[in-house]
Amino acid sequence: MDVSPKLVIGNWKMNGLRDQVVQLATAVAEGARSLPDDVKLVICPPFTQLERVSDILETAGPDPKLQLGAQDCHTASSGAHTGEISADMLADVGVKYVLLGHSERRQNCGETDALIRRKVQAAEAAGLVPVVCIGETMVERQDGRAATVLASQIDGSLTDNFNGVLAYEPVWAIGSGVTPSRDELERTLFLLRGLLQSRLKMDDIRVPILYGGSVTPAQAPTILSIGVLGGVLVGSASLDAKSFLRIAEAASLRLSSQPLSGPYRS
């Protein structure tokens, strides 16, 4: 059984003004301290709030269970790229993880696998952990092309020595309130594990696989009970500290078998 800490990443997307961010980050930092060591949290605020959240986490005191993440980075370390943020800039303000290839960027910004791979290279060079998102659309799923699409995204987006995190986010599930059945998700996770082994040409793959797509506190225990799953990537539920911390509790092996207690019980 995998004893690595489960990873729970909160993607705040384009949400959070100053006061909201201070309250949310402070509440998550306080709640994270009561979590056992078998779960790790990462929060990914918008660029404008990264340094503020970094300061909040630093003021709260070092906690290896809570890290700062970003939502994207550029392929270059510096230069004439108006409106962009480099991986080196992210590392400079305390960022440890960076989301890359999220479906919203693939669809809305036209990001290709080749571009994402270059971003992965930039993140790795800056010492960041790349979290690469992949996933099929509803049309691709209905046409029976999900496995082909996922294989293509893995092959095109990951570097040869990729040592980051893979996040499976079926596009049809994001923001829809619909998630794959446990059997569907388990089959897909084993497929992804096999694709990683083939792509990276390694028998012992250390790349955690996360699930993302309408993850809620109610669904989290069932999703996280799948042994091969390395954690979850959380969207809207991460904007509420209580909801996010309840998902983190579900990720903990030591807490998931017990009733939820304390301030995170609904």
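Let's start at a contact: Asp113, Ala114, Ile116, Arg117 and Val120 of helix 5 meet Ser152, Gln153, Gly156 and Ser157 of helix 7. Contact here means heavy atoms within 4.5 Å. By class, these contact residues are 3 nonpolar, 4 polar and 2 charged.

A word on the source. This is a predicted model, with pLDDT of at least 70 needed for local features and 80 or more for side-chain atom pairs, while totals for chains, interfaces and linings use all residues. Numbering runs from 1 along each chain as its sequence is written, and side-chain values use heavy atoms, without hydrogens and water.

Now the geometry. The axes of helix 5 (113-125) and helix 7 (146-157) come within 7 Å and cross at roughly 45 degrees. That makes the pair oblique, the class left once angles under 35, over 145 and 65 to 115 degrees are taken out.

Next, helix 7 itself. Its buried residues (under 20% relative accessible area, 1.4 Å probe, protein chains only) are Ala146, Val149, Leu150, Gln153, Ile154 and Ser157. They fall within an arc of 130 degrees, so they line one face of helix 7. That set packs against helix 4, helix 5, strand 5, helix 6, strand 6 and helix 8.

On to helix 8. Buried there are Leu185, Thr188, Leu189, Leu192, Arg193, Leu195, Leu196, Arg199 and Leu200. Their arc is only 165 degrees, which puts them on the same side of helix 8. What is exposed on the other side of helix 8? Asp183, Arg187, Phe190 and Ser198, where exposed means over 50% relative accessible area. Partners of the buried residues of helix 8 include helix 5, helix 7 and helix 9. After helix 8 comes Lys201, with a positive phi near 55 degrees.

How values were computed: Axes fitted to C-alpha atoms, helices over the stretch in contact; angles between N-to-C directions. Helix = DSSP H or I, 4+ residues; strand = E, 2+ residues; numbered from the N terminus. Nonpolar A, V, L, I, M, F, W, Y, C, P; charged D, E, K, R; others polar. Arc of directions from axis to C-beta.
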